[in-house]
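Here are my notes on this model, point by point. Please read them with the structure open.

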Amino acid sequence: MAFVRNLLGAKKILGAANSKRATSAAPKGFLAVYVGESQKKRYVVPISFLSQPSFQAILSKSEEEFGFDHPMGGLTIPCPEDIFITVTSRLQ
């Protein structure tokens with residue numbers, strides 16, 4: 001059930017990100033995310049990551065801190081860049 005809730009939350013986040021597509025254009029099948037604690041760096045990740053539990057955990061943290069308002073135009077993920085890279089490198 002948590003998976004379904006997280007996936008629905010991710011779809012809601014994607015909807016918000018897609019509404020600002022002009023500033024965060026990513027290739028079809030990919031999603032723009034901004035990662036970092038103070039300085040945000042843009043990454044483009046495959047949408048398939050949304051179904052991965054470790055990526056969903058990062059998204060949950062993002063939702064807790066930012067809700068569904070992402071001022072950068074893409075998802076804003078408030079975690080250290082090295083942790084994000086470690087998590088996503090295991091998903092590929």
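1. A salt bridge here is a side-chain nitrogen of Lys or Arg within 4 Å of a carboxyl oxygen of Asp or Glu. By that rule the structure holds one salt bridge. It joins the side chains of glutamate 81 and lysine 41, at 3.8 Å from N to O. Glutamate 81 sits in helix α3 (residues 81–91) and lysine 41 in strand β2 (residues 41–46), so the pair ties together parts that are 40 residues apart in sequence.

2. Some ground rules. This is a predicted model, in which local features need pLDDT of at least 70 and side-chain atom pairs count only at pLDDT 80 or more, while totals for chains, interfaces and linings use all residues. Residues are numbered from 1 along each chain as its sequence is written, and side-chain values use heavy atoms, with hydrogens and water left out.

3. The overall layout comes next. The protein has three helices and three strands. Along the sequence they follow the pattern α-β-β-α-β-α. Both kinds of element are DSSP runs numbered from the N terminus: helices are H or I with at least four residues, strands are E with at least two.

4. How much of the protein is buried? Buried residues make up 37% of the 92 residues. Buried means under 20% relative accessible area, exposed over 50%, and partly exposed in between (1.4 Å probe, protein chains only).

5. Helix α3 has a buried side. Phe84, Val87, Thr88 and Leu91 are buried there. They cover an arc of only 90 degrees around the axis, which puts them on the same side of α3. The arc is that of the directions from the helix axis to the C-beta atoms. An α-helix has 3.6 residues a turn, so residues three or four places apart point the same way. The face turned away from the buried side carries the exposed residues Asp82 and Arg90. Aspartate 82 has a relative accessible area of 53%.

6. Which part of the protein gives the largest share of the negative patch? Helix α2 (residues 53–66) does, with three residues. The patch on the surface gathers Glu37, Glu63, Glu64, Glu65 and Asp82. Patch residues have over 30% relative accessible area and no salt bridge, and like charges are joined within 9 Å.

7. Serine 62 also lies in helix α2. Serine 62 is buried, with a relative accessible area of 0%. Serine 62 and leucine 75 are 13 residues apart in sequence and 8.1 Å apart in space, C-alpha to C-alpha.

Key: Patch = residues over 30% accessible without salt bridge, like charges linked within 9 Å, V, L, I, M, F, W, Y side chains within 5 Å. Areas by Shrake-Rupley, 256 points an atom, 1.4 Å probe, with all protein chains shown as cover. Lys, Arg positive; Asp, Glu negative; His and termini not counted. Charge placed at Lys NZ, Arg CZ, Asp CG, Glu CD.
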